[in-house]
Amino acid sequence: MDQSISWITVGSVEDIPRQGSRVVRTAYGDIALFRTVADEVYALEDRCPHAGGPLSQGIVHGARVTCPLHSWVIDLASGEAVGPDEGCAGHCPVRVVDGAVQLGLAAFRPGCGGCGHG
Amino acid sequence: MSTHTNPPTPRERLVVVGNGMAGIRTLEELLAKAPDRYDITVFGAEPHPNYNRIMLSPVLAGEKTFDQIVLNGRDWYEANGIKLLTGDRVEVIDRANRSVTAMSGLTVPYDRLLIATGSTPVIIPVPGSTLPGVVGFRDLADVDTMLEAAAKGGRAVVIGGGLLGLEAANGLKVKGMDVTVLHLMDTLMERQLDRSAGALLQHELERRGITVLTGADTAEIVGIEKVSAVRLKNGQELPADLVVMAVGIRPNTTLGKAAGLACGRGIQVDDTMTTSDPAILSVGECVEHRGQTYGLVAPLFEMAKVAAARLAGSAEAAYTGSVTSTKLKVTGVDVFSAGDFTGGKGCEDIVFRDAARGVYKRVVVKENRILGAVLYGDTKDGGWYFQMLKDGTEVAPVRDTLIFGQSFGGEGAANPKAAVAALPDSAEICGCNGVCKGTIVTAITEKGLSSLDEVRAHTKASASCGSCTGQVEQLLALTLGDGYAGEAKAKPMCKCTDRTHDEVRRAITTLELKSIPDVMQRLEWRTPDGCHHCRPALNYYLLCEWPGEYKDDSRSRYINERVHANIQKDGTYSVVPRMWGGLTSAKELRAIADVVDKFAIPTVKVTGGQRIDLFGVKKEDLPAVWADLNAAGMVSGHAYAKGLRTVKTCVGSEWCRFGTQDSTGLGVKLERMTWGTWTPHKVKLAVSGCPRNCAEATIKDLGVVCVDSGYELHVGGNGGMHVRACDLLVKVETEAEVLEYTGSYMQLYREEARYLERTAPWVERVGLEYVKRRLVDDAEGRASLNARFLFSQSFSQDDPWAERANGSVDRHEFAPLAQVG
């Protein structure tokens, strides 16, 4: 997959607060970058599959985020809502190279409400 | 041709530059494989024979002597026919003529050369870094310098909270110095430990009297003839007689570079440990292999094995890189980490915490294989995990008990009930109250106890911090058998723990827990960093318990409290400036109008709490909106906070023909006293100037109704989903009494209600009589509650908007990281 993706550097890991998030404005809409307590970085569309809430504003715990609007819990790796809720947020390949956060924006996959899978 | 008659073929000449662990281990391996192949010369820059560098920490701490860490004495070199030249640094490699020349002028020719020059400590380039009294922690000379300084006592500052820095700090502390560790990152040993283990380690070091400053960025080392202090970028200055620089190591490539060998961060070698010159090999911390450099001993030994095999003539041996593990060598502190424990996509965390033993274990598993492990307090299974990690062992068969370690699974050794059964009667169960097993069992049988509460009442066991609750329950079950029905479980805080809100709060107080990782460790949280239910609650409980001391964790706050505005359904925010007692002015209204125009704010609405709400503000505009409101003298209305919202008032005696007292003025006083406080849930006050109650004071968390003879105080009301009229708490005569009752009532609610419990359900739960007993009957208790409230307020009345409008706090919250495409 990596071969076909062009990676765009959007900042450094240190720019994202641990257990927090920063937003990148893109042609696909806002992408939320999350940094977990273990310093993993994930990228999701900044829209909860439930009611479009900005996931970037949620509380990050483990590798999950809780949407600020109605407390849906979204898995950061897959974008999927954690049961019993169903739906998934759009997601985008992301990698960290020497502390630089890079998005594979061309491979962005939009999410869906209520479909239960990516 | 007979070999007997010919003179022996001259042996190949092998020169080793570097008398450290990697170089000499290579020789040991080589001598085992091909003892007679080379004439060997070893150059060492240090004046000593080969010693175990990783044992320098115990030497510093006085636990070992130098002689005890010598690996190969001079007799070993002699016995193996090796020429050892110590204290003579090689300065030139002449690759064309295949010789090396040392500082002394001695030139030795070679057929094969092995470079093992190791590494040098990184000295951060701040002013003063070359002053006498500033040392690295690399060799015996550094240790001697430190021991000499320590003999005089005084203060040491260790820059760097990694492995070496902490070992140095511990050693210096043991030797009697006052030690401060400065660490740039917010977690000690952040490359080897996760946040939880880092926090435990920090506490242990602090318990030993070492001061640890995280997020400490060194600006300058101060001193004239020798070091006298370290100054941080935030201006703080720490007096120092000794500064140990332990921020990292750098491969020592000076010699390799000068000789024209290919170098990156280290001297580059291929899988055969050969440099860009086929006659020259290199091993140890000075090399770069497949882009990696190493600073730990295990990889060096693996390299040594390959280099030795190659020197002995093998065509197969290859080094393919190392997976590393780390152990901290501070006596009594067991820390182990291995592999990649940052986790990642598809990873699963298995966490085990045993607060009583101070144990934290985290194993990261991906696709049924161990990816990494962090162990604190009990590292005996480190080797086991590490072996499975290196071997890629499938862990599915032991997955369920993996975290308990290798010895688990036998005869119920880790079965908690069996473990308690096996304890002698004299074993202490409750550490807080000093109650042992025998006392508890006797009480259960002789007094016919059948529940935890009864055991607590009769023996005090588990009545304080509660961390032995599980064991006491086991004892009930063991003693009573089927006669023990178990406990009716109160609802735990969340899925991360079995503890209730009340138990957690009690533990925070009795165990003096002062951070979220602390609470999670001591109370054995089952998740690495909690969830959106427990984190905000813990943050509040800690803030309430340790005013002025606990540092608020913004990452554990709901977004509204993090950015000090109310999120709306479209992701924009609403902004409500404070209007004290509902009063405003032309100046404020004009400023609000200007802000509305300037930022094209779509909706302006008057709230139920007598102030003005600006809806649809874009997040990135918030700081500028606040700056303009601040300029007109307005501060945050905390309309988003689990805290004091508004004090609603009527106009009172100043204008109203029925008014009995100055209700507006009193409302302003109450709001000035209570604004900025954090509470379990939102709090709304009101003051009505007469019993007509235009300010609706009797459905507020606390309402004051003025009457001719004084003031009625009503509590526990709510106008929300379940309307509850207040209960009358007391009637008082003076404004001063109103203020004292308000402060003490707020503090009682702050200290005893559960997070997200409004005053109405709280008063119903504990009963009005209880509140009266605490506030009305107990004048002394009331005064001290009020004093605690005012003390806490002395830390909380800074306008959060101003701090953000001027960019000094959380700037990253309000700006996108980047714009692409």
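## First stop: the annotated cysteines

Select Cys650(B), which sits in the loop between β34 (644-649) and α21 (663-674) of chain B. Helices here are DSSP runs of H or I with at least four residues, strands are runs of E with at least two, and both are numbered from the N terminus. Before you click on, note that this is a predicted model, where local features need pLDDT of at least 70 and side-chain atom pairs count only at pLDDT 80 or more, while totals for chains, interfaces and linings use all residues. Residues are numbered from 1 along each chain as its sequence is written, chains are lettered from A and ligands numbered from 1 in the order in which they are written, and side-chain values use heavy atoms, with hydrogens and water left out.

Is Cys650(B) buried or exposed? With a relative accessible area of 17%, Cys650(B) is buried. Buried means under 20% relative accessible area, exposed means over 50%, and partly exposed is in between (1.4 Å probe, protein chains only).

Staying in chain B, pick His638(B), in the loop between α20 (622-631) and β34. His638(B) isn't a glycine, but has a positive phi of about 50°. Most residues other than glycine have a negative phi. His638(B) is buried, at 3% relative accessible area.

## Over to chain A

Color chain A by secondary structure and you'll get 0 helices and 11 strands. Of its 118 residues, 58% count as buried.

Zoom in on Ser71(A), in the loop between β6 (64-66) and β7 (73-75) of chain A. Ser71(A) is another non-glycine with a positive phi, about 60°. Ser71(A) is partly exposed, at 39% relative accessibility.

Next, show side chains for Glu14(A), Arg18(A), Arg35(A), Asp39(A) and Asp186(B), which are linked in a network of salt bridges. A salt bridge here is a side-chain nitrogen of Lys or Arg within 4 Å of a carboxyl oxygen of Asp or Glu.

Start with Arg11(B) and Asp39(B), whose side chains meet in a salt bridge at 3.1 Å, N to O. Arg11(B) lies in the segment before β1 (12-17) and Asp39(B) in strand β2 (residues 38-44) of chain B, so the pair ties together parts that are 28 residues apart in sequence. Arg11(B) is partly exposed at 37%, and Asp39(B) is partly exposed at 36%.

Then select Arg369(B) and Glu394(B), a salt bridge with the closest N and O atoms 3.2 Å apart. Arg369(B) is in strand β27 (residues 369-376) and Glu394(B) in the loop between α10 (382-391) and α11 (416-422) of chain B, so this pair ties together parts that are 25 residues apart in sequence. Arg369(B) is partly exposed at 36% relative accessibility, and Glu394(B) is partly exposed at 40%.

For a local example, go to helix α13 (residues 452-459) of chain B, where Arg456(B) and Asp453(B) lie 3 residues apart, about one turn of the helix. Their side chains form a salt bridge at 3.6 Å, N to O. Arg456(B) is buried at 15% relative accessible area, whereas Asp453(B) is exposed at 53%.

## Last stop: around α25

Select Asp778(B), in the loop between α24 (768-777) and α25 (779-793) of chain B. Asp778(B) is partly exposed, at 31% relative accessible area.

Slide along to Gly781(B), in helix α25 of chain B. Gly781(B) is buried, with a relative accessible area of 17%. Finish by drawing a distance from Gly781(B) to Ser744(B): their C-alpha atoms are separated by 8.5 Å, with the residues 37 apart along the chain.
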